[in-house]
Amino acid sequence: MAEGMCSLLLLHLLLLCVVGSCELCHAWWTQNYCYDDEFCPAVVDYDTRGGPVAGKLNVHLVSHSHDDVGWLKTVDQYYVGSNNSIQVAAVQYILDSVILALQEDPNRKFIYVEQAFFQRWWREQSKHKQRIVKRLVKAGQLEFINGGWCMHDEASTHYIDMIDQTTLGHRYIKKQFNKVPRIGWQIDPFGHSAIQAYLLGAEVGFDAVFFGRADYQDIAKRRIDRTMEFVWQGSRTLGSTAQILGGVLNNLYVPPHGFEFDIASADPPIQDNPLLYDINVQERVDSFVKLAVEQGKEFRTNHIMWTMGSDFTYENANTWFKQIDKLIHYVNKDGRVNAFYSTPSIYVDANHAENIPWPLKLDDFFPYADRPHCYWTGYFTSRPTLKRYVRQLSAYLQVARQLEFLIGKRKVGPTTDSLEEAMAVVQHHDGISGTEQQHVADDYAKRLALGAAEVL
Amino acid sequence: MWTMGSDFTYENANTWFKQIDKLIHYVNKDGRVNAFYSTPSIYVDANHAENIPWPLKLDDFFPYADRPHCYWTGYFTSRPTLKRYVRQLSAYLQVARQLEFLIGKRKVGPTTDSLEEAMAVVQHHDGISGTEQQHVADDYAKRLALGAAEAEELVGSVLPILLGSKLKARYKKEINSEMKTVPHVGSGNTSRSPPEISYSPMNKDKLLKVQQCALLNISYCPPTEADIVSGKSLVVVAYNSLGWAREELIRIPVTNSMLEVKDSKGNVIPSQLVPLSEGFEKVRNIYIGDDSQNKHLIFWLVFYVAVPPFGYNSYFVTTSMANTPNQASKSSVEKLDTVGDVVLKSRDLTLSLSKLNGQLMHFENHRTKTNASIEQSYCWYNASDGNTNESRLQASGAYIFRPNSSTCFPVQDPNNYAPLKVIRGTLVDEIHQEISPWVFQVVRLLKTSEHVEIEFVVGPIPIEDDLGKELVTKLHTNISSVGEFYTDSNGRDFVKRVRNYRSDWNLNVTEPVAGNYYPVNLGIYLKDNEKEASLLVDRAIGGSSLTDGELEVMLHRRLLHDDGRGVAEALNESICISNGEPCQGLVVQGQFFINIDPVGNAARWRRTQGQKIYSPLQLAFAMIPETNHSTITTPEFSSLIAGYELPPNIVIITLQELDEKNLLLRLAHIYEANEDAELSQVATINLENLFAHRKIDKVSELSLSANQLRSKMKPLKWKLETGAQMVGSPIRGAPIKDGQFSIEIAPMEIKTLSIKFKYDN
């Protein structure tokens, strides 16, 4: 009903605009209806529908939150939101608010990655909430990407541990949602291994793997050559039978400059309310289009991906979605480029449908330098005792599992589950890598020790 | 009650509610205390239900200190020009609302809504307080300016209609065609209120085009500064928003020196040309640019206007023949710099000033037989930079006033006084003084006046010595005030203040100056058994009495450090007029008014004069042919019935058309109990007297914020602790009776009324 009335009023407004000046019709509009919110010129029904459009540059807006499974705070501190004096981050609220925001508009999409956090949250949810989440997953609004327990490190991890931690996450996703993640999402690790491409990518069944960090010189060249995305054959032995589409993300894993909308962001939100000062819709759209066109020149197809998120963002998902809604609405109204809510899977499918040839990449992406003189090669050795502890327990876990199998897994009493989970947590790229704070390293060791104690 | 929130919290409400949910769950499970989601209303109801006695509190909670040496008394004066701008527009909003009502609020075209909203925004406690960042102060000013521009457009469109009307006390519905410039679409309600003033339909371009001058305060007014050529007549319309008839001296800048002024009946009235003071030239040059080479010399043309209540009157300025007796008289100008006294005289007042430094020395009112020695001076406190032993790092800032000692440094160089300029004339005498290169003042005595008017131009406050400065003016008298003085509460009640004392606790004096500062909106006064010395202000400022017989008010402050209370900027206001030119410290122009009265007589001056300061006559101007006045058929007008004015203790504080056929009227009694022997009495007003051009249908009395019937207000009653006694026995005006239009208003009461009018169809 409201919609009908709205269009009737719009008609009147239009009429007024034809016969009188626009200032006049605005004054009339404001004076007559602005105290009833419904009729304010500030009320805009944002059109957030859309998908790829042929012949246009398609900007895939991928909403995500990069949630470290331990780094400056411990994994549980990150989940709960304690110790905020070190870093303001609380994953429980991220998932709370993302779920609410997705319910508000079926066009909104979000990807979630770290199962260590998702499972912590899932276990706290009511059956009712779980049903809502299942519906969102089924509808494709919430998609699990990567899907391991953590986003594992790729330099100091053993492939068996990588497989284990990925399996742990994937098993839960399969069990709870009957879903199989399709895309590798190693957006933050500091260098990328051949194993990641062919084993933890192709052999897992992923269609692509994306990452944010590659050597700055490499990236500079790839931009010129348009080789940011490539077919990656990590194994000389398995060659093309274990290949995967690899992709370096355009801007690490954060949005292009000026389009970060987290709660404390300094970037300008879209101000489209004619009753307030400083309207900036045109400037924001121009800036969006300019950045998209620039990026489009460095990629091979008419599809580009914007990673709309960063570390522990979306604690208040509304600040993002409200702005992305407006961006989609105004950018598409402008028409120069086409923007829509997307996920890496949709992006990969769209790229695949273009059926174009891709360059080949062999081997790996080590070592990583982000600028001259800055090689991230220290962490190969950082915290050598933690690295040894993990390696030792890796073998021990296999032993314990074998024994558990021999006797049959018990419903009560000690199991290998705790150690399995602790091992999965510590594979994180700020875990075994040694790049976490001391108190976090202590926490990892404690988790391992407790898991190991149960297994003893 | 636990307040579960803080500044701008709940942007992500979930973080709060999820945790409070858990707190309530686990605390109540524990059971030692009981916790639940509540609101202040629920809390108050619960407290009320306890039916216990409560302690009594009188007066107010000023000044505020959050720790030793940290008095939040600086903000009483911070951003004095914003404070003045708000005060000025407050009065202007009332004027615009009155005119809007007279013609009927229009669906299209300018309204008072923007100014109302801008004024509402700036009342914020980090707005008019001056404790916002500079860019935010700029935004407030911008909002005010845009709202004022729209209100000005409204006033400018209504006055010509009234001036060109043939006003009669008619109630006939006459929709005027000029106002319907745009088809009225969409509301579905075609019956709109008729214009209440009927006037002969005339072509819109036959209406007068009036201009107003928002910058009159700095003597800038293009329509009056235009050359008044022979055959043309400058119309000056003075609008009076008060319910009292007023006879007041107005001043407009002119460039012609051969002028005469006629009233609306064509009689020539006395007028005088007064030269601009150096201070005015300075502030005018800053904002308008130095126009001395291409313009004639600018004078103030001053003359008395008599304006009926809640209405206007028109005056006509034309060129005159040389040396006719009716011509605006020139003032005599005398430069003095020798020792001795200068004497200024009005009908009843004799003022003596020192020729040497221009300071007032003696005040004598012959009518009231009041004699007092009096001295007025300027000095500055050195703002603390926080480099102190006690309360280290506490600097003076936007909120906090912290002088680094109690010494107030004189502004005037004792060895180098600039010569005084004594201006004498038929209507007004003035003393122009340059007290220092950054403090100018005019001491003004009107021939009919019994008080002293002082106009100041201060700034830029010099900071080359890296010292923040807080400028005050002190008024020293020989009145023995024994530590007591009075300051107003938001321009209304006066509250007794006692130096270095608080009635609610034993005060530990850490800041002998800042800790005795109080907010002043209307005025500050002190008294002994014989006399009262009062100082009235034109904006919100801080003031005190630090020694017996002495009043001081802070006029301007320029500070170099932040005071650590959140604003994170030093209050160092500067103005940047044009690109490329260096910015300079803010210059403040303003007025204050001084009077000394016998005890018991002073309230009448404070209340009456205070109201006039708040609601100055609003001036509008037009240039018309001298002989053809066809655009002005009603040069004088009052909305009240002929000959009526409100009693001296009653003022209209709101007159606003809320919606069709519905008027919001607030009448205020401006005296406290026992403040004046005669006027602190219940007044009775017949509302029909206020609306000569309409008939009242219905009157209802509302709560102050006009959202409920007064009779429906049922505030909770609270018991007092034994021993706690309310002073006096309050008197209230009787509630308005059904079908009656006469209302009783008791001292300090504000009656809020909704009035519906009758319309003939």
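**Figure 1. Aromatic pairs in the predicted model.** A:F110 and A:Y112 are both buried, and in this predicted model the rings of A:F110 and A:Y112 form a stacked aromatic pair, with 6.5 Å from centre to centre and 20° between the planes. Over all chains, the count of aromatic pairs comes to 53. In chain B, the ring centres of B:W72 and B:Y399 are 5.1 Å apart and the ring planes stand at 65°, so this pair is classed as edge-to-face, the class for planes over 60 degrees apart. B:W72 belongs to the loop between β3 (70-71) and α3 (80-103) of chain B, while B:Y399 belongs to the loop between β16 (370-383) and β17 (403-410) of chain B, so the pair ties together parts that lie 327 residues apart in sequence. B:W72 has a relative accessible area of 15% and is therefore buried, and B:Y399, with a relative accessible area of 8%, is buried as well; the cut-off for this term is under 20%.

**Figure 2. Charged side chains over aromatic rings in chain B.** B:K469 lies over the face of B:W380, at 4.9 Å from the ring centre. In the other view, the charged end of B:R694 is placed over the ring of B:F757, 4.9 Å from the centre of that ring.

**Figure 3. A nonpolar patch on the surface of chain A.** The side chains of A:Y396, A:V399, A:L403, A:F405, A:L406 and A:L456 form a nonpolar patch on the surface, and together these residues have about 710 Å² of accessible area. One of the residues in this patch, A:L406, is found in helix α13 of chain A, which covers residues 384-407. A:L406 counts as exposed because its relative accessibility is 66%, where the cut-off for exposed is over 50%.

**Figure 4. Backbone geometry in loops of chain B.** Most residues other than glycine have a negative phi, and most peptide bonds are trans. Against this background, the peptide bond that joins B:F62 and B:P63 is cis, with omega about -10°, and B:P63 lies in the loop between β1 (53-54) and β2 (65-67) of chain B. A cis peptide bond also runs from B:G459 to B:P460, with omega near -10°, and the place of B:P460 is in the loop between β21 (452-458) and β22 (469-477) of chain B. B:R79, although not a glycine, has a positive phi of about 55°; this residue is found in the loop between β3 and α3 of chain B and, because its relative accessible area is 3%, B:R79 is buried. B:N500 is not a glycine either, and has a positive phi of about 55°. The loop that holds B:N500 runs between β24 (493-498) and β25 (518-520) of chain B, and B:N500 counts as partly exposed because its relative accessibility is 36%.

**Figure 5. Strand β4 of chain B and its pairing.** In strand β4 of chain B (residues 232-240), 8 of the 9 residues are buried, so this strand is largely enclosed by the rest of the structure. β4(B) pairs with strand β33 of chain B (residues 618-625) in the antiparallel sense, over 8 bridges, and within this pairing the bridge partner of B:S233 in β33(B) is B:I624. β4(B) also pairs with strand β10 of chain B (residues 311-319), again in the antiparallel sense, over 7 bridges, and here the bridge partner of B:L234 in β10(B) is B:V317.

**Figure 6. An open sheet of 4 strands in chain B.** The strands of this open sheet follow the order β5-β9-β8-β11 in chain B, and their pairing is mixed. At the edges stand β5 (246-254) and β11 (329-330) of chain B, each with a single partner strand, so one side of each is left without a neighbour in the sheet. Strand β8 (residues 271-275) and strand β9 (residues 299-307) of chain B run antiparallel and are joined by 5 bridges. B:P275 stands opposite B:F299 in β9(B).

**Figure 7. Helix α5 of chain B at B:A145.** B:A145 is found in helix α5 of chain B, which covers residues 134-163. With 35% relative accessibility, B:A145 counts as partly exposed. The C-alpha atoms of B:A145 and B:Y85 are separated by 9.4 Å, whereas the two residues are 60 residues apart along the chain.

Conventions
Residues numbered from 1 in each chain as written. Chains lettered and ligands numbered in written order. Predicted model: local features only at pLDDT ≥ 70, side-chain atom pairs only at ≥ 80, totals over all residues. Heavy atoms only, no water. Patch = residues over 30% accessible without salt bridge, like charges linked within 9 Å, V, L, I, M, F, W, Y side chains within 5 Å. Areas by Shrake-Rupley, 256 points an atom, 1.4 Å probe, with all protein chains shown as cover. Salt bridge = Lys/Arg side-chain N within 4 Å of Asp/Glu carboxyl O. Helix = DSSP H or I, 4+ residues; strand = E, 2+ residues; numbered from the N terminus. Buried < 20%, exposed > 50% of the residue type's maximum accessible area, 1.4 Å probe, protein only. Phe/Tyr/Trp six-rings, centres within 6.5 Å; stacked < 30°, edge-to-face > 60°. Lys NZ or Arg CZ within 6 Å of the ring centre and 35° of its normal. Pairing = 2+ DSSP bridges.
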